[in-house]
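Hello,

Here is the structure we talked about. Please have it open while you read; my notes follow below.

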Amino acid sequence: MWMAIFPNPASRCLLTVMILQLPRLDSGYFKVLGPLEPILALVGKDSELPCHLSPTNVSAEHMELRWFRNMFSPAVLVYQDGQEQQGEQMPEYQGRVTLVQDSITLGRAAVKIHHIRVFDEGVYGCFFRDKHIHGEAFMHLKVAALGSDPHITMEVQENGQIRLECTSVGWYPEPQVQWRTPTGEKLPSSLESKNPDEEGLFTVTASVTIRDNSIDNMSCCIQNLLLGQKKEAGVSIPASSFLIWKTLMWPVIFVGLIVIGTFFSWKLYGKIVRKRKDKTGHIEWQLARLYAVDVTLDPDTAHPYLFLYEDSKSVRLEESHQKLPDKPERFDSWPCVLGQEAFTSGRHYWEVDVGYRTDWLVGVCKENVIRKGFILMSPKTGYWVMELSEKAYWALTQPRIPLVLAGAPRQVGIFLDYELGTVSFYNVNDRSHIYTFPKTSFSGPLRPLFLLWTCDKNPLIISPIVDKPPKVTVLVDAQSL
């Protein structure tokens with residue numbers, strides 16, 4: 001069944017990790033079944049997550065029904081004693097879900113999520129319990145959004161070439177952009193950006209420069225590959241545009257000199273401000289590195305699908321399950337592993353080589369976090385982590401925050417300041433600051449956390465910090481900032 005839902009080998013590896021660790025169904029009385037294929041939902045619309053009992057003549061009217069994600073409780077919706085229970089509901093779903101129970105006496109029920117958001121995408125479970133007999137099923141909700149109609153602007157550049165810029169907002173997942181000539185020829189974008197907003201929806205901007213004056217019109221086509229739908233807009237390029245440029249060349253040059261002078265004045269000012277900001281970020285990173293510690297992986301906490309190298313510095317996710325002791329400290333659902341070190345005070349910094357992997361999660365967590373079953377990672381549950389997933393970077397808060405990075409980091413620095421109550425992340429490659437979680441009051445030991453969602457021959461590596469300057473020479477300056 002799951003091979004049909006997740007045809008990609010890497011995704012199958014993730015689902016294998018999740019499903020094989022779930023409690024076994026009690027087949028003595030009934031089974032709970034869900035949809036075999038992923039459920040596709042549109043942002044802003046409603047969507048149902050249905051489940052039903054087998055055999056079909058079993059009523060679920062007096063059972064406990066529960067829909068959940070990440071962890072069993074708090075849940076998306078809980079139905080017990082003939083009514084919905086608000087006390088166990090996740091804050092993100094309060095007032096947004098209802099139970100569809102028209103056929104509950106026939107063993108059928110569904111949760112309807114109103115006004116779908118990008119946040120709602122993920123794997124859900126439904127749980128039916130009648131006294132001591134219970135069963136559960138799992139389903140995958142995929143979210144999509146068709147953005148706005150493309151808007152094209154045209155600019156005649158100083159050299160007579162035509163620059164077109166296409167913009168559109170509100171897409172999910174990340175769409176594909178193409179420029180096309182009337183003959184169907186595809187022109188590559190000279191500049192393209194796809195940035196998520198605070199809701200996770202992508203804003204697309206793509207530009208192309210026309211150097212051939214024989215092209216009289218162009219179209220910008222933006223496609224949502226998940227929906228199989230597109231939106232397209234065209235623009236005519238008057239042949240007179242090139243002639244007009246030549247006619248107005250000297251007035252344009254005169255005015256342009258004035259504009260350029262003003263522009264460069266502002267650009268110089270902006271450059272100075274950016275340099276100061278970059279310099280501040282570089283200084284923060286350099287000061288953080290003064291507190292470098294030696295972090296190693298703890299094999300007793302590693303999920304059975306995680307393979308740890310002999311040096312205890314590298315880890316990768318495998319498709320095969322290792323026979324390991326089922327210890328209380330071992331993660332059995334999410335493919336996580338903790339660092340050996342536990343921090344109860346002070347400042348600590350380490351770096352992780354994430355390379356060219358398409359997914360990873362790093363950060364810190366409390367010593368006493370839940371390690372069995374589904375996990376909702378956020379500061380509220382004892383996790384301060386950032387993640388690369390679906391080609392986007394996220395800080396896992398509730399709801400999660402999209403992070404806009406200038407470049408993809410190949411090495412990530414993590415800095416824990418226990419007394420200050422902060423966890424910060426840095427792009428080691430350009431020495432820039434990525435994100436700092438809001439200040440909190442830590443209590444109890446904190447440990448480094450590492451997670452891999454998909455199988456990849458390239459491991460996650462805890463990098464040695466060999467060029468750390470002597471701590472004693474800069475410590476006074478560090479405390480004075």
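Does F119 count as buried or exposed? F119 counts as buried, because its relative accessibility is 18% and the cut-off for buried is under 20%. Please keep in mind that this is a predicted model.

First, the overall picture. The chain has 481 residues, and 46% of them count as buried. It holds five helices and 31 strands. Take the contacts between residues at least 6 apart in sequence: 64% of them join residues at least 24 apart.

Now the aromatic rings. The count comes to 15 aromatic pairs. One of them joins Y93 and F119. This pair is tilted, with 6.1 Å from centre to centre and 40° between the planes. Y93 sits in the loop between β6 (83-84) and β7 (97-100). F119 sits in the loop between β8 (108-113) and β9 (122-130). The pair therefore ties together parts that are 26 residues apart in sequence. Y93 is buried, with a relative accessible area of 0%.

Y418 and F442 form another tilted pair, at 5.4 Å centre to centre and 50° between the planes. Y418 is in the loop between β27 (411-417) and β28 (422-427), and F442 is in the loop between β29 (432-436) and β30 (446-451), so this pair ties together parts that are 24 residues apart in sequence. Both Y418 and F442 are buried.

There is also an aromatic cluster, formed by F68, F72, F127 and F138.

Two arginines lie over ring faces. R69 lies over F119, at 5.1 Å from the ring centre. R400 lies over W394, at 3.8 Å from the ring centre.

Last, please look at E351. This residue lies in strand β22 (residues 347-353). E351 is buried, with a relative accessible area of 2%. What does its side chain touch through polar contacts? One partner is the side chain of R289, at 2.8 Å. Another is the side chain of Y349, at 2.6 Å. Beyond its neighbours within four places in sequence, E351 is in contact with residues including W285, R289, Q411, V428 and I461. E351 and D294 are 57 residues apart in sequence, and their C-alpha atoms are 9.7 Å apart in space.

Best regards

Definitions and conventions
Residues are numbered from 1 along each chain as its sequence is written. This is a predicted model: local features need pLDDT of at least 70, side-chain atom pairs count only at pLDDT 80 or more; totals for chains, interfaces and linings use all residues. Side-chain values use heavy atoms; hydrogens and water are left out. Helices (H or I, at least four residues) and strands (E, at least two) are DSSP runs, numbered from the N terminus. Buried means under 20% relative accessible area, exposed over 50%, partly exposed in between (1.4 Å probe, protein chains only). Contact means heavy atoms within 4.5 Å. Rings of Phe, Tyr and Trp (its six-membered ring) pair if their centres lie within 6.5 Å; planes under 30 degrees apart count as stacked, over 60 as edge-to-face and the rest as tilted. A charge sits over a ring if NZ of Lys or CZ of Arg is within 6 Å of the ring centre and within 35 degrees of the ring normal. A polar contact is a pair of N or O atoms within 3.5 Å; within protein, one must be able to donate a hydrogen and the other to accept it, and residues adjacent in sequence count only if both atoms are side-chain atoms.
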